[in-house]
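Please work through each task with the sequence and the structure at hand before reading its solution.

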Amino acid sequence: MRLSFLVLPIALPLALTATAALAHGPTPQKVSQSITIKASPDAVWKVAGDFAGIGKWHPAVAKAEGSGSKDGGTRKVTLKSGGTLEESLDEYKPEARSYSYRMGEPDLKALPVSSYSATFTVSPEGDGAKVEWMGRFYRGDTGNEPPENLSDEAGKAAMNTYFSEGLKGLKAAVEGGKAK
Amino acid sequence: MIRRAALSLLLSLVGLPAQAGTVYVASQQGAQLTRVEAGKVAGSTSVAGAPATVAAGGGLVFLTHPDGQAITVVDGATGQVLRRLPYRGQAFGLAASADGRTLFAADWSGHRIDRIAAADGTLEASAPTGRDPAHLVLDRAGRLFVADRESHQVSVFDAARLTRLATIPVGTAPFALALSPDERRLYVGNVRSNDLTVIDTGGLEALATVPVGAMPYGVAVSPDGARILVTNQHAGTVTVLDAGTLALAATVTVGRYPEGIAIAQGRAYVANWFSDSVSVIDLATLQEVTRLTVAEGPRSLAVAAEPSPKEETR
């Protein structure tokens with residue numbers, strides 16, 4: 001473990017250079033998180049359906065701006081930890097309370113992955129709502145011997161944390177009646 | 001050539017009469033090869049970690065392991081793992097000759113194509129491709145077509161010598177490709193431009209590019225050549241196009257993150273990567289008739305060739 005601290009500052013810039021060109025890899029991994037919210041699906045969608053409004057409920061997001069919630073719409077998400085996620089909507093389906101999107105250029109400072117796509121869906125559950133946020137991503141270093149911080153495991157941990165913390169923030173925002 | 005073809009016909013008839021039309025499904029995270037016969041799971045085999053692409057030929061089934069620097073060889077009839085061929089790169093796309101003796105593997109991060117002896121893994125020839133070669137197909141005339149994902153082109157090689165015959169620009173990020181049964185057309189799914197490029201394999205040029213769904217990741221053509229089926233990974237659907245007019249014939253809802261698609265005996269099989277299932281679509285009605293549960297992360301499918309005199313005499 002101690003060794004990796006020594007290696008990291010050297011390995012990271014190299015890996016950044018290598019993966020920016022690849023941008024994806026041959027073996028994808030799953031990320032999947034869900035949460036139940038005590039509110040109607042429509043009430044949840046009112047908050048979560050605004051693609052560029054993620055800054056209003058995701059605790060890790062410092063700010064977000066975008067071009068609109070529609071097919072082809074984009075958002076630029078700046079994380080508190082540094083780094084930005086530039087994402088674009090593939091399909092925006094308000095009637096299904098669902099949208100799917102994918103990332104543009106990788107930013108390993110934001111998330112240690114080289115590429116991802118994801119789907120966000122709000123559906124009825126009991127007298128409340130269920131929110132599912134799931135996707136497919138490729139590790140930060142798509143080569144055969146990725147460093148620990150850019151491995152499948154590192155990508156899984158980071159993506160699952162980003163999604164689950166986001167959903168907790170959304171729940172708090174909706175159930176608390178106001179965005180963060 | 002004719003003697004060799006006759007021999008391979010003989011071998012395929014004698015060795016494996018029962019398995020023609022068997023569909024093989026490779027599950028990446030589950031590290032399994034599943035055999036599907038007549039729309040039902042017939043058996044499964046544990047294989048080495050993270051198989052990506054499956055190909056069939058000569059009664060054998062082959063799997064690439066991009067992270068494991070290997071290709072696995074499986075007996076198609078029994079599902080038994082026969083051997084592991086070491087591979088020096090990140091093998092992703094794979095094609096097998098009809099007799100199962102020769103493999104063509106795309107090295108994703110090595111940006112090249114390799115021809116390999118299936119018996120022992122000997123590297124017979126190698127040639128550079130564009131950036132990040134993904135899937136590839138072999139035609140009966142001995143040509144190899146490779147989707148160069150990050151170069152937005154299809155590379156065409158003489159399979160015997162691995163010399164480049166042509167480079168054909170297509171849409172953005174081509175990934176999967178399929179030949180029409182008469183091999184006059186090659187269909188290429190472009191992952192980032194969400195469309196399908198139609199290539200004339202005679203003139204080796206693109207004829208048309210038509211929209212499909214979000215993130216097309218798999219392509220197959222019906223046995224009569226009349227319909228093109230494209231999986232849309234993001235949309236969770238299969239787009240069915242009329243091959244003559246390239247007009248939309250149907251959109252079939254399948255599982256989440258569908259990837260590979262293969263057609264056998266009147267049915268299309270779709271690997272639903274996220275849902276850990278295979279959708280079975282009736283080609284006559286274009287309806288999903290059942291969904292088979294398989295090991296985690298099914299990505300790729302291959303069909304054991306049905307012996308046909310036309311194929312064997314080429």
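**Exercise 1.** Identify what links B:R88, B:D107, B:R112 and B:D114.

*Solution.* B:R88, B:D107, B:R112 and B:D114 are joined in a network of salt bridges, a salt bridge being a side-chain nitrogen of Lys or Arg within 4 Å of a carboxyl oxygen of Asp or Glu. Over all chains, the structure holds 26 salt bridges. This is a predicted model, in which local features need pLDDT of at least 70 and side-chain atom pairs count only at pLDDT 80 or more, while totals for chains, interfaces and linings use all residues. Residues are numbered from 1 along each chain as its sequence is written, chains are lettered from A and ligands numbered from 1 in the order in which they are written, and side-chain values use heavy atoms, with hydrogens and water left out.

**Exercise 2.** Find the salt-bridge partner of A:E175 and describe how the two residues are placed in their helix.

*Solution.* The partner is A:K171, with the closest N and O atoms 3.1 Å apart. Both residues belong to helix α3 (residues 152-175) of chain A, where they lie four residues apart and are therefore separated by about one helical turn; helices (H or I, at least four residues) and strands (E, at least two) are DSSP runs, numbered from the N terminus. A:E175 is partly exposed at 35% relative accessible area, and A:K171 is likewise partly exposed at 22%, where buried means under 20%, exposed over 50%, and partly exposed in between (1.4 Å probe, protein chains only). After α3(A) comes A:G177, whose phi is positive, near 85°.

**Exercise 3.** Determine whether B:D158 and B:R161, which meet in a salt bridge, are buried or exposed.

*Solution.* The side chains of B:D158 and B:R161 come to 3.0 Å, N to O. B:D158 counts as buried at 13% relative accessibility, whereas B:R161 counts as exposed at 63%.

**Exercise 4.** Describe how strands β14 and β15 of chain B are arranged.

*Solution.* Strand β14 (residues 153-158) and strand β15 (residues 163-169) of chain B pair in the antiparallel sense over six bridges, pairing requiring that DSSP finds at least two bridges between two strands. Within this pairing, B:F157 has B:R164 in β15(B) as its bridge partner. The two strands form a hairpin with four residues between them, and B:L162 in the turn has a positive phi of about 55°.
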